[in-house]
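Subject: Structure handover

Hello,

Here is the structure we spoke about, with the sequence alongside.

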Amino acid sequence: MSSQSNVTLTIALINPDLDAEEQERETRNLLREIRDLDVESAKLVAVTEIPEASKSVGGFLLGVLKAEVSINNFKKVLGFLGDRLGNKTIELEVEANGKKLKVKASSREELTAAIEQAQKFISGN
């Protein structure tokens with residue numbers, strides 16, 4: 001029986017039309033909704049983990065959260081992201097089994113393609 005590790009998703013919401021407070025509120029709302037799903041953990045990304053060209057507010061990166069999800073719930077969480085963020089610009093980084101995939105989407109079609117790519121990446125196809 002093979003044991004599969006969890007999948008780590010890093011989700012960066014990108015909306016230049018929002019000020020820092022609105023961006024933080026949107027990110028915290030998404031974080032709360034993700035926590036309501038069956039995830040192992042979900043949190044804002046601390047400033048110590050700063051990706052290039054990111055802004056921080058109150059010790060956390062603005063618009064960035066990280067969730068750890070079981071392989072079994074990965075598809076469910078991606079479906080939620082597709083429904084919730086379909087028309088927003090996001091960067092999604094998927095990490096599993098020591099490999100990383102980073103995709104950017106700014107429309108429902110691009111996000112659908114990114115989700116399909118992430119699912120193939122995790123399944124190894």
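The notes below go from the overall layout to single residues.

This is a predicted model, in which local features need pLDDT of at least 70 and side-chain atom pairs count only at pLDDT 80 or more, while totals for chains, interfaces and linings use all residues. Residues are numbered from 1 along each chain as its sequence is written, and side-chain values use heavy atoms, with hydrogens and water left out.

Overall layout

The protein has three helices and six strands. Both kinds of element are DSSP runs numbered from the N terminus, with helices (H or I) of at least four residues and strands (E) of at least two. Read from the N terminus, their order is β-α-β-β-β-α-β-β-α.

Of the 125 residues in the protein, 39% are buried. Here buried means under 20% relative accessible area, exposed means over 50%, and partly exposed is in between (1.4 Å probe, protein chains only). The protein exposes about 7300 Å², and carbon and sulfur atoms supply 45% of that area. These areas come from the Shrake-Rupley method with a 1.4 Å probe; for residues, only the protein chains shown count as cover.

A contact means heavy atoms within 4.5 Å. Among contacts between residues at least 6 apart in sequence, 60% join residues at least 24 apart.

Helices H2 and H3

Helix H2 covers residues 71–85 and helix H3 residues 108–123; they pack at an angle of about 170 degrees, with their axes 10 Å apart. The axes are lines fitted to C-alpha atoms, for helices over the stretch in contact, and angles run from 0 to 180 degrees between N-to-C directions. H2 and H3 are therefore roughly antiparallel to each other, a label for angles over 145 degrees; under 35 counts as roughly parallel, 65 to 115 as roughly perpendicular and the rest as oblique.

On the H2 side the contact is made by Ile71, Phe74, Lys75, Leu78, Leu81, Gly82, Asp83 and Leu85, and on the H3 side by Arg108, Leu111, Ile115, Ala118, Gln119 and Ile122. These residues divide into nine nonpolar, two polar and three charged. In this scheme Ala, Val, Leu, Ile, Met, Phe, Trp, Tyr, Cys and Pro are nonpolar, Asp, Glu, Lys and Arg are charged, and the others, Gly among them, are polar.

Leu78 is found in helix H2 and is buried, with a relative accessible area of 0%. Leaving aside neighbours within four places in sequence, Leu78 is in contact with Leu92, Ile115, Ala118 and Gln119. The C-alpha atoms of Leu78 and Leu111 are separated by 9.6 Å, and the two residues are 33 apart along the chain.

Salt bridges

How many salt bridges are there? The count comes to six, where a salt bridge is a side-chain nitrogen of Lys or Arg within 4 Å of a carboxyl oxygen of Asp or Glu.

One of them joins the side chains of Glu33 and Arg84 (2.5 Å, N to O). Glu33 lies in helix H1 and Arg84 in helix H2, so the pair ties together parts that are 51 residues apart in sequence. Glu33 is partly exposed at 25% relative accessible area, and Arg84 is partly exposed at 23%.

Another joins Glu24 and Arg28 (3.0 Å, N to O). Both lie in helix H1 (residues 20–36), four residues apart, about one turn of the helix. A further one joins Glu93 and Lys100 (3.8 Å, N to O); Glu93 is buried at 19% relative accessible area, whereas Lys100 is exposed at 55%.

Other residues to look at

Ile11 lies in strand S1 (residues 7–14) and counts as buried at 1% relative accessibility. Beyond residues up to four places away in sequence, Ile11 touches Leu30, Ile34, Gly63, Val64, Leu65, Leu81, Leu85, Glu91 and Leu92. Ile11 and Leu81 are 70 residues apart in sequence and 9.5 Å apart in space, C-alpha to C-alpha.

Gln23 lies in helix H1 and is buried at 5% relative accessible area. With the same exclusion of residues up to four places away, Gln23 touches Leu13, Ile14, Asn15, Leu18, Leu62 and Gly63.

Asn97 sits in the loop between strand S5 (89–96) and strand S6 (99–105). Phi of Asn97 is near 50 degrees, a positive value in a residue other than glycine. Asn97 is exposed, with a relative accessible area of 53%.

Regards
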